[in-house]
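Take a moment to look over the model below. A short tour follows it.

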Amino acid sequence: MASDSPGDTSLLLASADVPPVHEDNAAGRSPFLLTSDHYGRAIPRILGDLGLPPGELTRHIAWDPGIAGVADALSKHLDAHLIAQRYSRLVIDCNRPPGAPGSIPVISEAIVIPGNEGLARDAAQARRRQIFDPYHRRIAEVIRRRLRDSVPTVLVSLHSFTPVYAGIARPWHIGALYHRDTKLPPLLLKLLREETDLVVGDNEPYAVSDETDYTIPVHGEARGLMNSGIEIRQDLIAGPAGRRQWADRLARIFGEIEATLRAQRLV
Ligand SMILES: [Zn+2]
């Protein structure tokens with residue numbers, strides 16, 4: 001905590017910068033609580049362009065392209081609370097434990113991030129205090145309030161993945177990502193596999209771990225909530241039509257999941 005640390009006095013976000021937390025449908029009645037760690041690609045003005053050419057700041061190393069539109073529409077369709085984070089993961093990755101490799105990446109997929117090289121401890125702390133902490137504090141507050149009010153809460157963390165990584169094409173259209181929850185992921189995988197046009201990743205293209213993830217371990221697993229990550233391939237949600245189709249499809253699938261969980265008295 002160390003609220004007297006010099007990091008507190010570092011000016012990172014100014015009045016012209018957007019707040020890190022974006023929320024939609026806070027009064028939503030769905031048991032699903034949606035999060036989006038890589039929703040935006042904003043950069044605090046004081047950091048300029050992090051020393052990168054414009055092309056790098058719009059591709060997947062900076063954020064999860066396409067997921068914002070899917071998250072917004074899914075939140076509306078499900079009447080679910082969405083909590084999302086507007087700053088680029090190149091500033092600080094809100095799904096990495098602070099201090100872990102990649103939290104403030106010096107290199108991302110062979111691209112050096114000059115603005116992150118040799119970063120002073122205070123500057124790193126300021127990014128954590130002003131971007132990472134408010135986002136996770138808000139998720140924690142909302143979950144605490146829901147639990148206190150006995151509102152069923154199932155955490156769904158929304159992401160998108162690049163179709164080609166390190167020169168290898170990825171076959172999956174969508175993946176379910178999980179670690180300790182044994183209830184939601186199997187149900188989600190079963191329903192996704194019933195969509196016969198989809199190639200479904202089971203902990204692909206990534207698996208969740210305590211070392212590489214933050215939102216699911218800290219907000220889902222540590223509180224014993226049912227949870228899963230979802231990764232959608234970015235080329236499928238590059239345009240508004242694709243984002244709409246995927247939001248519609250996921251709304252239908254999560255509607256079925258909710259009905260099943262209610263029948264089992266799990267929500
Ligand atoms: Zn992501």
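Here is a quick walk through the metal site and then the sheet.

## Ground rules

This is a predicted model, so to speak: local features need pLDDT of at least 70, side-chain atom pairs count only at pLDDT 80 or more, and totals for chains, interfaces and linings use all residues. Residues are numbered from 1 along each chain as its sequence is written, and side-chain values use heavy atoms, with hydrogens and water left out.

## The zinc site

Three protein donors hold positions 2.0 to 2.1 Å from the zinc ion: His-38 (ND1), Asp-64 (OD) and His-159 (ND1). Donors here are N, O and S atoms within 2.8 Å of the metal (3.2 Å for Na, K and Ca); water is not among the atoms, so sites may look incomplete. Along the chain, the spacing reads H-x25-D-x94-H.

His-38 and Asp-64 are 26 residues apart, both in the loop between strand 2 (32-36) and helix 1 (67-78). Helices (H or I, at least four residues) and strands (E, at least two) are DSSP runs, numbered from the N terminus. His-38 is buried at 4% relative accessible area, and Asp-64 is buried too, at 1%. Buried means under 20% relative accessible area, exposed over 50%, partly exposed in between (1.4 Å probe, protein chains only).

Seven strands make an open sheet with mixed pairing, in the order 1-3-2-6-11-9-10. Strand 1 (21-24) and strand 10 (200-202) are its edges, each pairing on one side only. Two strands pair if DSSP finds at least two bridges between them.

Strand 1 runs antiparallel to strand 3 (residues 81-85), with four bridges. His-22 has Ala-84 in strand 3 as its bridge partner.
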